[in-house]
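Thanks for passing this one along.

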Amino acid sequence: VIVGQRQGKTYDKAVADGWVPGETLFGIEEACEKGTIIMCLLSDAAVMSVWPTIKPYLTAGKDLYFSHGFAITWSDRTGVVPPADIDVIMVAPKGSGTSLRTMFLEGRGLNSSYAIYQDATGNAMDRTIALGIGIGSGYLFETTFIREATSDLTGERGSLMGAIQGLLLAQYEVLRENGHTPSEAFNETVEELTQSLMPLFAKNGMDWMYANCSTTAQRGALDWMGPFHDAIKPVVEKLYHSVKTGNEAQISI
């Protein structure tokens, strides 16, 4: 394994982490020339800016690997169009790079989806699965570049970040506007959710949560799940349409 990195703070960090310039650490051009599997792990914006640098070194039989489907899915906007004589594959961890690394070091795996966009060598599937196992994926499930990209952008704007922040903020504001203290409003909105309930929900599922809370909480949750669902679903549909049509990608670009 070698690393290709532009000069600057991240290059210096790589040196501090033990990568050796000229042996295991190179500029992007030299690394891409030497490598047989080019793992393009840059941010979406950086992929677009560095693509002209990478493309000349994608010679026949090489493998171009992505951890996210953005650049390929919206190639008409990103300009990332690979040569036809290379493999183009993806293993997309379902979490942050920080989580992937932490769980790898702990001997645990982060689930990943995988996809093959081009199989020029006939070995794309073997390479993809091997790389998925190599990065420590706990489980691998098949997808396509476009399904991964659209579900990922929907998720991070929805229940993973955008929607959850909007929900928590709305509840906190209502409690505060009705005289509840900051500590009480925060505890009932965020603290209990993240510290007490979510670990149990993650471990045992929602049915278990219903079976192990008070009947007051149980009945109230069942009564209000419907109105929340009905209010939120049109927003999610609008969000998905914005992602599917490339509008969200264009905003990011």
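The points below cover the basis of the model, a sheet, a salt bridge, a helix and a pocket.

1. This is a predicted model, in which local features need pLDDT of at least 70 and side-chain atom pairs count only at pLDDT 80 or more, while totals for chains, interfaces and linings use all residues. Numbering starts from 1 along each chain as its sequence is written, and side-chain values use heavy atoms, with hydrogens and water left out.

2. Five strands form an open sheet in the order 3-4-5-6-7, with mixed pairing. Strand 3 (37-40) and strand 7 (140-142) are at the edges with a single partner strand each, so one side of each has no neighbour in the sheet. Strands here are DSSP runs of E, at least two residues long, and helices are runs of H or I of at least four, both numbered from the N terminus; two strands pair if DSSP finds at least two bridges between them.

3. Strand 3 and strand 4 (residues 63-66) run parallel and are joined by four bridges. Within this pairing, Ile-37 has Asp-63 of strand 4 as its bridge partner.

4. Asp-63 also meets Arg-127 through its side chain, in a salt bridge of 3.3 Å, N to O. Because Arg-127 belongs to helix 7 (residues 124-134) and Asp-63 to strand 4, the pair ties together parts 64 residues apart in sequence. The whole structure has seven salt bridges (a side-chain nitrogen of Lys or Arg within 4 Å of a carboxyl oxygen of Asp or Glu).

5. Just after helix 9, Gly-179 has a positive phi of about 90°.

6. The second largest pocket holds about 1,900 Å³ of space. Among its 39 lining residues, Ile-164, Leu-167, Leu-193, Met-206 and Phe-228 are the closest to its centre. Helix 12 gives the largest share of the lining, 14 residues. A pocket is an open set of points on a 1 Å grid over the protein atoms alone, where a 1.4 Å probe fits, with protein on both sides within 12 Å along at least five of seven lines; lining residues have an atom within 4 Å of a point. Grid points are joined across faces, edges and corners, and the volume is the space filled by probe spheres set on them.
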